[in-house]
Each structure stands twice: as C-alpha cells, then as structure tokens.
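The following exercises ask the reader to work from a displayed structure towards a description of it. Each task is followed by a solution in steps.

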Amino acid sequence: MSALLSVTNLSKEFGGVHAIEDLSFEVQRGHVHSIIGPNGAGKTTLFNLVTGLYQPSDGTVTLGGRDITGRAPHKLCEMGMARTFQNLQICMNMSALENVMLGRHRHLGSGALAAMLKLPGLRKADRACREQCRELMHFVGCGDYQDHAASAMPYGALKRLEIARALAAEPDILLLDEPAAGLNATETDALRSVIQKIAGKGITVVLVEHDMKLVMNVSDHLLVISYGRKLAEGTPEQIREHPEVIAAYLGGGARERQAREVPA
Amino acid sequence: MKEARAMKKNILISPYGGLLLLALMLALMPLAVSNDFHYDLLTKICLTATVAVGLNLLVGYAGQVSLGHAAFYGAGAYASAILTSQYNLSPMVALLSAAAGVGVMAWLVGRPILHLKGHYLSMATLGLGVIAAIVLNNEEQLTGGPDGVGLPPLSLFGHELSVFGEYQFAGLTFTGVELWYLLAAAVLVIAVLLALNIIDSPLGRALRALHGSEIAAQVAGVDTAKYKLRVFVISAVYASVAGSLYGHYSGFITPTVASFEHSIELITIVVLGGMASTFGVIIGAAILVLIPQFLTDFQELEMVVFGAILMAVMIFLPRGLLPSVLQRLQRGAQ
Amino acid sequence: MFSEFFQFTFSGITLGAIYALVALGFTLIYNASHVINFAQGEFLMIGGMGTVVLVGADLPLPAAMVGALVLATVAGILLHRLAIAPARDADVVTLIIITIGASIFLRGLAQFFWGKEYHALPRFSATESLSIGGATLLTQSLWILGIAVVLVVALALFFGRSRLGKAILATSMNKDAARLAGIKTQVILGVAFGISALLGAAAGLIVTPITFTAYDVGIMLGLKGFVAAAIGGLGSSTGAVVGGLLLGLSEAYTAGYISSDYKDAVPFVIILAILFFLPNGLFGSRAAERV
C-alpha cells in the first residue's frame, strides 16, 4: 500500500475565517476513502483545494509523490484526477453524451487546424470516443438519456452523468462530492454498486457524503472533519466506535440511529 | 423502422445538410436576381455573414462577448489597403499577410483581456474597438484619416477582378459584379464549412463547454485560457479576411468599417440570428444588410424602426430568430 | 505655466462631474437589475435636446428644463416597463442588445422629431467667465459642479434615509428577499431606471451651454460614462464619482499637453490598463467563485 494522494498541513482562509485549518491526511491507492463531517465542516472547500479550484493559504498536496499544490484544474486532470460537484456543473447547452465526451478531452487531439480540416485521424478518434462514452453512460446507469439535451434530464440522471464524465477521463483518482444528495433509496443503492464497480477497476475514490449507510458500506477508510480540522480517522468500524465522533458529529441519540441505519 | 426514420431526420437537420442547402441557395440565387444592385447586396450579405459566422464561434458557442470586433474587420481592410498601395504587394499576398497579422494582434490583445468575465470583457473589447477606430481616424499619413483610402481591384492568380470588368469563361460572359458575388458566396461556404468542422470536434466541444460551465471544462482537462484565446484569434482572422475582401470589393474604405457602430452591428447580427446557430447568423446578416433597403421609403424613420425591430425580436425571441422558429416548428410537429 | 495647468484642471473637473453623473446612472441601474444600460447616453441627449426644443417653443428656460427632465424620467421608466421587464430572464448579451436597440430607437425619435442640427443653450449666468490665477473659469463650470454636488448628496440622502431608497437597495441586494418583505420589485426597478434617466438628463442639460447638443451626442458620452462606472468597479457609487473625475481630468490633460486628436481614446486606454491589472475595477470586490 502506498499513498496516492497526500495532504499536509493544508489551510485555507476566507477573509480571516479558517475554512480548512492545518489538515493532514493520506489516501491509499485503490481505497475508497470517505470524508464526513457536519455541514460547513469544509468538505467541499477541501475538494476545491485538492482539485485546484482554490489556492490554499498554506500547506501542500501531492499526487503520486508529485507536488500539485495550487496547480490548475486542467493540469490535474491530465495527471489523472477527476471529480464531480455537489452543485452540478453540467454544460446545459450540450447533449448528455457530449458532456461525457467532454470528459475524454485529455485523450483527444484538439488542434485547431486538424479540427477545421476534419482530418481522418481526428474523426476516427472522436467516433471511438463516442462509443466509449455511450458505454460509460450505461455503466453509471444513465444510458437511457444518451441523446437527450442535458437540460432535459432529471436531477438523479445528471448526478450520474457527472460521474460518467469524470470516468471518461480515465482517472487514477476520482473525487465524488455528495453523489447521493437528492437521490431516493433505490437510486442510492444503484449508486453504491457503481462506486463499488469503480473501485473494482482499481480507481481510487475519495467520497464526500452525508448518507452514512452508503459511506459505511463502501469505504475502506474514513476521515472525519469538523470546523476545518481533523476530528478522527480510521476504518468504518473504528469511526463507528470513536467517542469523539459520536459526541461531536453524530450528536445526542446518535447511537440508536446509527445502530438502526448501519447494519453491523 | 423507428431508427431508420430517426436517421433520416438526423441527416435533414444535421449541420452539413444545412451547408448543402446554403450552397444550393447561393448557387441558384443568380436565377432570382437580375441587376447589379441585387448582386451588390448579395455580395455584402455574404461578406458580412462570413464575419458573423466567425464571431458566432466566439460569442455564440464559446460565450465570450466581443463589442469591438469591427476593429479586426477594419484592421484587415486597412492592412490590405496599405500593403497593396504602399508596399505594392499583390492583393492575395496582402490578404493573407493581413490575416496573419490580425491573428497575431488578436493573440496579443486577447491574452490579457480574455480572463475578464461578463461586463468587464464587454468593456475591454469595446475599448479596444474604439481605440482602433480613433487610431485609424488620426494616423492620416498611413490611413488617409476620416477621408479613407482606396484599394486596387482584387487579383486572383494574375487575373484582375474588378466590379467594372467583363470576363469570358468557357464561352460565357460574366460581369465583374456577378463574379464578385460568386467569390463572396464561395468564401461564405468555406467559412461555414470550417466553422461546422470546428464545432463538430473536440475543440468545438471544449468551446461550448466554456459557455456551458467553465468549471466543468476545467476539471475535464480543458485549458480554458488557451481555448478562449484560440477562438478569439480564429474569429479575428475570419473578420480580417472578410474585411480585406470588402476593401477590394468596394475599392474604398473609411474608418467607419472599424467603428463602434459597426461592432454593434456585428454582435447584433449574431444575437438576432441566433447565438450558437451558424445558419441563424447568416439570416441575421441578411436581415441587417437588407433592412435599410426596405426602409428607404421611410428614411427619416429608419433608426426608429430598426431600434424597434431589434428590441422586439430580442424581447419576444430571446434565443434569436432561427433557434426560436425551429423550436416552435418542433413543438408544432409534436 | 501654472495658469495653463489650472485651465486644464478646471475643464477636467467640469467634464469629470458630467461623467460622474452618467456613471452614477449606470451604477444605479446595474445595482438594481444587473443590466448595463447602453441607452444611458440617450438620457443626456434628451436632457439637452429636450430643453433646446422646449425653449424653441417659447417656454422660459427653467420650465423647459423641468420639461426635459420629466420627459427623460418618463423615457427611463418606459424603457424598463416596455423593454427590460418583459425580458427578465434573458441572457446578458441579449439584454445588452435590447438596450442598444432602445438607444437606437430613442436616437431615431430625436432625429425624426427634433432634426439633425447642432444646438446650444444660453449659459445660466449673465457673467460668462471669471479669471483666477490667469486661468479662465467659465461660470457654467461652477453651475455644473454645484449641481453635480447637489445631485450626488441628494442621491446619498435618498438611499441612506428614504424608504424608497432603502427599498431599491434591498432589491439590488436580494430580489427574492425583497419581494418576500413586501417590496414590489418591478415597481422599484422602474423607479431606479427613472432616477437614472433623471441623473443623465440633468448632466446632459447642464453641459449643453458649453458643448452643444445634437441627436447623437449620447453615444460617446454614454460610453465614457460606462468606462467611468467600470473604473469604479461597476456598482460602487463612490467608484463611479471617482472614476468620472479621473476620466475628466486625464482627458483634459491629454488634450492640453499631448494631443487633442487622441483625447477620446484616453478613457478607453485607462480602462484597459485598469482591467489588465485589476480585473474588477478600482473599487470592485473580489469574490471567490462559489462552486
């Protein structure tokens, strides 16, 4: 086991408020690593820092041993990092399939001249890309919407579309920001199996999620943060028994609820 | 069966089907028109539409506003004028050099301004356009100032193409005006073909993603700054080529080709015809060239009527003429 | 030497006061509705031309002025009611084209009814100019500065003290919340357009005695006002005033010391320089994009 992603002493301030403070953790290659914490704990900010959308105030992030702190998102994509968003980032002016094909951008030639002249090599690659992306849409379970306009798709399908787009990049590491938010029980169940299939392909998954049942089911490792700081870390079993987590995060009466929601 | 019907429908509404239709219409146009005045309007429509097709890549597809695009059109026209009359370059060489020069210019000015968003990008492009027009007005030694400057007729492969000439091909006689129309139509068809190719490519997807969600584009690996710059340069080169051709066609240009009003006219064409609709903006160009002709009887009221039409179309068909009409047809068909 | 400098400074501040008023008009509408109103310059034209025409119809000057201001205010409210409000959900570019359409429409009406000729108004005071330190100061400049200051203070009081002003502020901060608090936001936006038109018309009116007016003066004045507003960061009133004065002074010094051919380019060079280095204007806030 080696760490694929490691975050060291990371901090982010917004006008004097510490959204993330001195946070360190590692994500092992091949793991499903979940990050949980109450609303406003800084989970999405952490994602934005790791994926280059925000510049950290302090600290470093490394991917596969290379320092990637503050590197532009498109460079991180080329290095094998992909993500989804809690508040969907879908191109509503494009079809569903095109959104997924956008995800394969780093694997396609995009020279202006080749595009203008429609060179055969480019066409062939693009046709192959189209087929791969159709398969990906089936894989994540939104294959029925291939030729729909993205703007005509229901919320649950859009969430899966984002996962398909991220997978299209063939990432080594995939960051999912609350993929189950807004999904019903059946959809969440389907999502669980998708995440497990992704992990089965050897892709490292970092998951931010509120649905504890889902988290406990799929995770190899958990990180609990609160107010931008690390509260606890460990396997699902360890976290479930962690007194501080139960007290601070799960709150009063959590034990009973947890016992109900998380079959041991 | 159902699939076959879907396929057929796809070809009919596919952009390349539209291109075929456009080429056919342009080729048949000479049957419908008879006099030089009509050819003149058609030529102007084709050249204006060429600029609009390029500008649409930037504004309609990539979602980046330019309120100063006439500057590139004017730069192309003036570069052609100066290179041919003061440096004795042949018109085609001048046209290509102008296009290359304008491309470099767009690249240089685009780098600092394209990271601006929304109204600030509008402001910056507008500012560049106004400055370009003022420079053309004031550098009289080079540009002839407000009085303008003349250009020699275009020459292709050693043959001069003048609007006043008469030409023999395979036993047929063409007037210069007719040949100019055919040339402008051919340029438009090529411009549309190249634009459609760009849109239907990974590059085009990346450009549309800039409009749809810049963040999605970034995390999908699109270097957004680079792509904005690219499409800015491409659209500037479109404008430059059309500007050079217009200069040779009319034989005389003034700084108004680069004016703020002309920039506004260009962006209006794109928005009126339909953003992100290549054929829509061609209709937009036709309308903007033709409106003044239809309004000659009410010359005094031309501005009032034009302003009213502009507002009405944008209020009632905010997506532009062609996309709105197509949408209604589709809804009607269901 | 110094007299020359004073001279340029006087004319710069005078011009700057005008730009500041136009920029305030832009800012007001931008804050209330996030629309850049390209027809703002036409309100200046209506202010100047309207007064000229009414004076020509044998109205006494003060009555003509009031008439022109009322006319412009009505035009501003109608612009919102008929062109902006129906297109509420439109794209930014679409809204830009709508206001450009409105500006062409208004210019066209002015040309049709009032003609294409250039006009002037008599100066407001009998004494034409004063001499200060060797420099000539037009009394009209004093009128312009005085009226501009009164308008700016009145505007500040209006937004700080009056219920209507506070309702406009609330609407500009959060339309939905304002609506929930019982504010009729569409009416409020109409009022904002009306006030903005009034400001523009006042600026156009007071500057006419020294610069002439015609149906098409609104284009350049409007653009420069937009530049002044953008210098201030689009949406900051202080920024709009500072931006206006900055523009006026730089334009006057350029015309005086460098070249009057390029004075119209000055505002645009300044705004480009600012945007290169401060992408949100001098007074704009830099908010992190929410993802």
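Predicted model: local features only at pLDDT ≥ 70, side-chain atom pairs only at ≥ 80, totals over all residues.

**Exercise 1.** Determine what separates the C-alpha atoms of Gly18(B) and Leu321(B).

*Solution.* Step 1: along the chain, Gly18(B) and Leu321(B) are 303 residues apart.

**Exercise 2.** Describe the secondary structure of chain C and its order along the sequence.

*Solution.* Step 1: chain C has eleven helices and two strands. Step 2: read along the sequence, the pattern is α-α-α-α-β-β-α-α-α-α-α-α-α.

**Exercise 3.** Compare the radius of gyration of chain C with the value for a compact globule.

*Solution.* Step 1: for 291 residues, a compact globule would have a radius of gyration near 19 Å. Step 2: chain C has 19 Å, so the two values agree. Step 3: along the principal axes, the C-alpha atoms of chain C fill a box of roughly 60 × 50 × 35 Å. Step 4: of the 291 residues of chain C, 53% count as buried.

**Exercise 4.** Give the numbers of positive and negative side chains in chain C.

*Solution.* Step 1: chain C has 15 positive and 13 negative side chains. Step 2: the centres of these two sets lie 15 Å apart.

Terms used:
Residues numbered from 1 in each chain as written. Chains lettered and ligands numbered in written order. Heavy atoms only, no water. Helix = DSSP H or I, 4+ residues; strand = E, 2+ residues; numbered from the N terminus. Rg over C-alpha atoms; globule rule 2.2 N^0.38 Å. Buried < 20%, exposed > 50% of the residue type's maximum accessible area, 1.4 Å probe, protein only. Lys, Arg positive; Asp, Glu negative; His and termini not counted. Charge placed at Lys NZ, Arg CZ, Asp CG, Glu CD.
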